[in-house]
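Biologist: I'd like to go through the charged pairs in this one. Can you put it up?
Modeller: Here it is.

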4 protein chains.
Amino acid sequence: MAQAAADVADDSGVRVGVAPQDADLEAVAETGVETWAQHVDPIDYGSNTGHTLAETVAEAGADGTLINHSENRLKLADIDGSVQAAERAGLETIVCANNPEQIGAVTALGPDAVAVEPPELIGGDVSVATADPDIVTDAVEAAANVDEDVDVFCGAGISSGDDVDAAGDLGASGVLLASGVAKADDPRAVLEDLVDPLV
Amino acid sequence: MAQAAADVADDSGVRVGVAPQDADLEAVAETGVETWAQHVDPIDYGSNTGHTLAETVAEAGADGTLINHSENRLKLADIDGSVQAAERAGLETIVCANNPEQIGAVTALGPDAVAVEPPELIGGDVSVATADPDIVTDAVEAAANVDEDVDVFCGAGISSGDDVDAAGDLGASGVLLASGVAKADDPRAVLEDLVDPLV
Amino acid sequence: MAQAAADVADDSGVRVGVAPQDADLEAVAETGVETWAQHVDPIDYGSNTGHTLAETVAEAGADGTLINHSENRLKLADIDGSVQAAERAGLETIVCANNPEQIGAVTALGPDAVAVEPPELIGGDVSVATADPDIVTDAVEAAANVDEDVDVFCGAGISSGDDVDAAGDLGASGVLLASGVAKADDPRAVLEDLVDPLV
Amino acid sequence: MAQAAADVADDSGVRVGVAPQDADLEAVAETGVETWAQHVDPIDYGSNTGHTLAETVAEAGADGTLINHSENRLKLADIDGSVQAAERAGLETIVCANNPEQIGAVTALGPDAVAVEPPELIGGDVSVATADPDIVTDAVEAAANVDEDVDVFCGAGISSGDDVDAAGDLGASGVLLASGVAKADDPRAVLEDLVDPLV
């Protein structure tokens, strides 16, 4: 799948990243695709067995990291610490959150981007543009109210190029998705459909 | 101590609240002092054994609740849920946070007030005005950038009336303190000193 | 409901306890019924805002405390610390767990009793004796293998006197239940039915 | 360091394992040294962004995994789930715990081995044999009381071959250490000293 993403990114010129588990970071990075960690911990070098050091994932080839993904919600103080750790290691950051209020909150912590993930749309087939377009426009507005330089991604309700197009119309600068590609019979075809509106 | 706080509030006209453990809420509320819970959980009526329902502490006499105190840091999504639960139960809210960035973040969740608690000053004798005045002014600015209607409290580095005065000069609308009163030989005298600049 | 439990205990001679939220402990204890906290934290006197001190709930009238209830799962080290804190404060302890292996584990921490709560039976109407009798007999055996002096309670799948009877036949020394009484139109009648086999 | 450990294991015939962060598992495994993950999550394939799947670390070359390390304490139910996930993926398991009571507890969950880590000895230079020999013998006894087939390791207070020797005399089947090797100027020399009593 990482190779397919690398190829689709090359062919289309569209920015495509892959976020595997830590143990697969190096193998994914070797395909040349933009590589993202799924999480880093708010720690520095030291006694942190069982935790993820930002520098370690950067050395394994990660270009950036997700933080506070809906499947791994963190304490506010740890989101702040993880953003700082990622910046220290030269990793780009996308911090996820559930709703516009929380999007405003994480924007205040100074990440590169934030991603709004309406809980009811995660992992499903329902398009965000149909089900809950206001959550994207409200998230864009909430982020802009705090810091206009932070991009807003749509982190759920995306499974096709039409959804990507709709998310862009609602103000999103990009999208996050998982099951729509990961469970596809032909991931390359799905990826080609997803980037099509951006070519 | 609750009775002393009730008396000092009555005599001075200054707003004084006490935040006991849940099991002591009713007894504290009976003194007539403004009574605050230390925490409420992001839950509604239902199967939540071992958690604190906002309605239960409100019925026991709480007027408000602290959320995300430095000794009880919460997930961002749970701070959001706890603020909503408190509002549903008619409780006023003060959300605590470590630094100006996090103060900006919690302000975006719409509480009545926020309190900045520089970790290095908690539980000590060092005055915030001496040790780290910028953290208060920066927190006031970070909150105002997000929502001008949210008050900012100073949650550490306060042990005397002079500290209260200094915190006010730095832009704080109030203060939180614990050990300075709780460990005092004469809590009433300490409380009288604390409210003196506000009379 | 606490008054009903107090009356049923008095009339039947059966041991009945009620485990309310902390803010209601004092009011429940005043009915004379045996009173249990839902949780205590692994802490001593000190800086623990938002946490529950065992001594505080004991002073409010609690005779014992649940620990690690299925709705409030704890770290192993914290279960250990909470059992010790409860003993320090003179509270009896019942530690809950999901399955026979975990029942063996918590028995090793030296509580007064343990309660097995099959996750699929919690909050439902299905009788443990019908759905999963082996989990109770296996839990009784797992506990006895570690420490024969620790009682085993059945913590789910109980809603009638017949269920209490069946749990006893499977080796349980008592039962925990919530929704069966809490949501009943006539809690006193349900309680009378529950204790009937033990009179 | 992994290469030094591989060489020392080959030369001495002593079993030596290395437990890196996930992103380094593959590189460590390529040295041929026995490779251990620091943690696996209690999850199966599915929506678990930011968590560690046992199968993923096994495919990256891990032979086993630590669980509940002192720097990453878990909920009891999650220790149970992580042991099961590791076994499903064919990983050997060592579950860590603070004291003899908790060692008895984790032994009941059926891991391959347990490791006792007296908190006051972690990361320091003090030998367990000098500081707290009873904690090792008590842990060995607590584990044997629950399941005689589970090995007990000494997880702190080890920095030399003499400490390894002493731990063996106290009943430990092996040792865990970190800073003693990781911070050494000459890790290979430290490793050679550590295995010397076992050659």
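Biologist: Is Glu92(B) buried, partly exposed or exposed?
Modeller: This is a predicted model. In it, Glu92(B) counts as partly exposed, at 31% relative accessibility.

Biologist: What does Glu92(B) form a salt bridge with?
Modeller: With Arg15(B); the closest N and O atoms are 2.9 Å apart. Glu92(B) sits in strand 4 (residues 92–97) of chain B, and Arg15(B) in the loop between helix 1 (2–12) and strand 1 (17–18), so the pair links parts of the chain 77 residues apart.

Biologist: And Arg15(B), buried or exposed?
Modeller: Exposed, at 55% relative accessibility, as the cut-off for that word is over 50%.

Biologist: Switching to chain A. Which side chain meets Arg15(A) in a salt bridge at 2.9 Å, N to O?
Modeller: That of Glu92(A). Arg15(A) lies in the loop between helix 1 (2–12) and strand 1 (17–18) and Glu92(A) in strand 4 (residues 92–97), so this pair ties together parts of chain A that are 77 residues apart in sequence. Arg15(A) is exposed, with a relative accessible area of 55%, while Glu92(A) is partly exposed at 30%.

Biologist: Which residues are linked with Arg15(A) in a network of salt bridges?
Modeller: Glu34(A) and Glu92(A).

Biologist: Now chain C. What does Arg15(C) pair with at 2.9 Å?
Modeller: Glu34(C), again through a salt bridge between side chains. Glu34(C) is in strand 2 (residues 34–37) of chain C, 19 residues from Arg15(C) in the loop between helix 1 and strand 1. Arg15(C) is exposed, with a relative accessible area of 54%.

Biologist: How many salt bridges over all chains?
Modeller: 24.

Definitions and conventions. Residues numbered from 1 in each chain as written. Chains lettered and ligands numbered in written order. Predicted model: local features only at pLDDT ≥ 70, side-chain atom pairs only at ≥ 80, totals over all residues. Heavy atoms only, no water. Salt bridge = Lys/Arg side-chain N within 4 Å of Asp/Glu carboxyl O. Helix = DSSP H or I, 4+ residues; strand = E, 2+ residues; numbered from the N terminus. Buried < 20%, exposed > 50% of the residue type's maximum accessible area, 1.4 Å probe, protein only.
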